[in-house]
Structures are given as C-alpha cells and as structure tokens.
Amino acid sequence: QVSLQIRASELASALAEESSWRVHEVAAEQRIQPGNIWVADGSLPLQLRAGASGPELVLGARAPSGGGTSPGDALFESVAQSAGASALGVLLAATGEDGARGLEALRRAGGYTFAQRETTSLQPQATTSRAAESGAHEVLGLERLPQAISAYCSGTGAYRSLRPGTR
C-alpha cells in the first residue's frame, strides 16, 4: 500500500521492471493469485481477508473496530492474521507511526518485513520511525527496495532459505 512518496502506479512500474512476477494495482476487491504482486494507493484503507475462493484484497474496507488503528496498521494486521509466514510487508517512510505496529504484528506472525531508510525519502516530512525499524527484518534505501522485494518473492540469493517453500 503506497502513500505520500510515490503513486501506486510508479511503484508497480518499478517492481515490474525488476521482477518476473506480474504486478498489478489493486481494484475494489481483488482475488489474490500466486505469481502476482499487488500494489495499492494509500488514500483508501486496504485489508486482506479470506474470500470464498481464496484470499482477497479489499480496497476501501473498514478498519476493524477498536478505533485509532491507522490504515497501514490495519493492512499489516489483516495480512498477519490471514497470511502469516507466507506474507511480505514493506513499509515506506511516511509521516507519523502509520504501519509500525502492524509491521511488527506481521513479523511476529512469521512474515518477512522491510522498512525504507528515511534518508532515502523523496518527501522531507517523511520518516521511518524507530518502531517501524524494530518491526523490520531489513531497513533499506528506496533504490534497493524493488530489487530486494523481487529477490525475496523469487526466493533467490540470501532470501532462498527465508521464503516458505524455497528451502
């Protein structure tokens, strides 16, 4: 889920150049299929849920009750609950703590997590919080994230033993 720094279409294009996987922008309700990377704009809440025919991304979904849950936290927490160890979470530098708690929840559920190093942010007000960094397995510059995401999803190099099913 992309917000603040770049549009979802820009991240999707960068990932498509680096990956052999199919890269898409999320539409209202999108069934998840293997071999795909899904990117969404952060202007609407996004969650992962179990659908009748498999996992689905739901754009514009209401945050779970409990109040005070940021869109980034709600997304990562829903992914942690639905996908656990088979998920990859990427938190780009943003303002405030949006996503930090959810990224940590995803890591605790066994998912692999990246956070963007704030010094590579394209927006001067963007930061990577200490909480986000503590929830990330790796903190990388923006220029390295597309390659790292692609390598993790492909199960290549150092990521081979980390991605389920590639041992």
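This is a predicted model: local features need pLDDT of at least 70, side-chain atom pairs count only at pLDDT 80 or more; totals for chains, interfaces and linings use all residues.
The protein contains five helices and eight strands. Along the sequence, these elements follow the pattern α-β-β-β-β-β-α-β-α-β-α-β-α. Of the 167 residues in the protein, 46% are buried. Among contacts with a separation of 6 or more, 58% are between residues 24 or more positions apart.

An open sheet is formed by three strands in the order β2-β5-β4, with antiparallel pairing. Strands β2 (29–31) and β4 (46–51) are at the edges and have a single partner strand each, so one side of each is left without a neighbour in the sheet. From one strand to the next, the twist averages 25°. Strand β5 spans residues 54–59 and is joined to β2 by three bridges, the two strands running antiparallel. Within this pairing, Glu29 has Val58 of β5 as its bridge partner.

In soluble globular proteins, nonpolar side chains tend to be buried together. The largest nonpolar core of the model has 20 residues, of which Leu15, Val23, Ile37, Val39, Phe114, Leu145 and Tyr159 touch the most other members. Two or more residues are given to this core by each of α1 (8–18), β3 (36–39), β7 (112–116) and α5 (145–154). Helix α5 supplies the largest share, six residues. Beyond its neighbours within four places in sequence, Leu15 is in contact with Val23, Ile37, Val39, Pro146 and Ile149.

The buried positions are Leu145, Pro146, Ala148, Ile149, Ser150, Ala151, Tyr152 and Cys153. The elements covering them include α1, β6 (88–91), β7 and β8 (138–140). After α5 comes Gly155, which has a positive phi, near 65°.

Two packed helices are described by the angle between their axes and the distance between the axes. For helix α2 (residues 71–82) and helix α3 (residues 100–108), the axes come within 7 Å and cross at roughly 10°. Helix α2 is therefore roughly parallel to α3. On the α2 side, the contact is made by Asp73, Phe76, Glu77, Val79 and Ala80, and on the α3 side by Ala100, Arg101, Gly102, Leu103, Ala105 and Leu106. By class, seven of these residues are nonpolar, one is polar and three are charged.

Leu92 lies in the loop between β6 and α3. With a relative accessible area of 13%, Leu92 falls under the 20% cut-off and is therefore buried. The C-alpha atom of Leu92 is separated by 9.7 Å from that of Val139, although the two residues are 47 residues apart along the chain.

Technical notes. Residues are numbered from 1 along each chain as its sequence is written. Side-chain values use heavy atoms; hydrogens and water are left out. Two strands pair if DSSP finds at least two bridges between them. Helices (H or I, at least four residues) and strands (E, at least two) are DSSP runs, numbered from the N terminus. Axes are lines fitted to C-alpha atoms, for helices over the stretch in contact, and angles run from 0 to 180 degrees between N-to-C directions. A nonpolar core is a set of buried Ala, Val, Leu, Ile, Met, Phe, Trp, Tyr and Cys residues joined through side-chain atoms within 4.5 Å. Buried means under 20% relative accessible area, exposed over 50%, partly exposed in between (1.4 Å probe, protein chains only). Contact means heavy atoms within 4.5 Å. Angles under 35 degrees count as roughly parallel, over 145 as roughly antiparallel, 65 to 115 as roughly perpendicular and the rest as oblique. Ala, Val, Leu, Ile, Met, Phe, Trp, Tyr, Cys and Pro count as nonpolar, Asp, Glu, Lys and Arg as charged, and the others, Gly among them, as polar.
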